[in-house]
Amino acid sequence: MVLNYRTPGQTALAVRSLQTAIDPPVEIIVVDNGSADGSAAELGESLRDVTLLPLERNLGFPAGSNAGIRRALARRQHEERLQHLREEREADEGAGERQP
């Protein structure tokens, strides 16, 4: 899951990098976190083989990420990977924190 907010170029680069690095390929969910600058449309046109989830407004990083996680869980395709992320987070309290 990749979260975008007004940075479609950087988001597209991250997605393409994931697409070439992950074998076997998995569904990549791109959440546009309420960008009002056309980012969602640009991503929809430039990216292939992704699920685009545009949100109506910017919910912030945690809630935007949760929207993507909910979409993944609804499809029940990513439970093992999400469990791994939960375990990593519990093992390292600093995991996933934003650095300055």
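**The central strand and its surroundings**

Mentor: Strand β2, helix α2 and strand β3 together form a β-α-β unit, and that unit is right-handed. Please bear in mind throughout that this is a predicted model.

Three strands form an open sheet in the order β1-β2-β3, and their pairing is parallel. The edges are β1 and β3, each of which pairs on one side only. Averaged over the sheet and ignoring direction, neighbouring strands are turned by 20° against each other. In general, the strands of a sheet pair through backbone hydrogen bonds, in either a parallel or an antiparallel manner.

Now consider each side of β2 in turn. Towards β1, three bridges join the two parallel strands. Here Leu3 stands opposite Val31 of β2, and Asn4 has Asp32 of β2 as its bridge partner. Towards β3, which also runs parallel to β2, there are five bridges. On that side, Asp32 has Pro54 of β3 as its bridge partner.

Which way do the residues of β2 point? Ile28, Val30 and Asp32 point one way, whereas Ile29 and Val31 point the other way, and all are buried. Two of these residues, Ile28 and Val30, belong to the largest nonpolar core, which has seven residues and also contains Val2, Ala12, Val15, Leu43 and Leu47. The elements giving two or more residues to this core are α1 and β2. Leu47, a member of the core, touches Ala12, Val15, Arg16 and Val30, if residues up to four places away in sequence are not counted. A second, separate core has six residues, among them Leu53, Leu55, Ala67 and Ala72. As a general matter, nonpolar side chains tend to be buried together in soluble globular proteins.

Helix α2 comes next. This helix lies across β1, β2 and β3, and runs at about 170° to β3. Within α2, which spans residues 39-46, Ser39, Ala40 and Leu43 are buried. Why do these three lie on the same side of the helix? They cover an arc of only 95° around the axis, and this places them on the same side of α2. The buried residues of α2 pack against β1 (2-4), α1 (8-21), β2 (28-32) and β3 (50-54).

Finally, look at Thr51, which lies in strand β3. Is Thr51 buried or exposed? Its relative accessibility is 13%, so Thr51 counts as buried, the limit for that term being under 20%. Leaving aside residues up to four places away in sequence, Thr51 touches Glu27, Ile28, Ile29, Val30, Arg71 and Arg75. Among these contacts are Ile28, Ile29 and Val30, which brings us back to β2, where those residues are buried.

Conventions. Residues numbered from 1 in each chain as written. Predicted model: local features only at pLDDT ≥ 70, side-chain atom pairs only at ≥ 80, totals over all residues. Heavy atoms only, no water. Buried < 20%, exposed > 50% of the residue type's maximum accessible area, 1.4 Å probe, protein only. Helix = DSSP H or I, 4+ residues; strand = E, 2+ residues; numbered from the N terminus. Arc of directions from axis to C-beta. Contact = heavy atoms within 4.5 Å. Pairing = 2+ DSSP bridges. Axes fitted to C-alpha atoms, helices over the stretch in contact; angles between N-to-C directions. Core = buried A, V, L, I, M, F, W, Y, C linked by side-chain atoms within 4.5 Å. Right-handed = clockwise from strand over helix to strand, strands pointing away.
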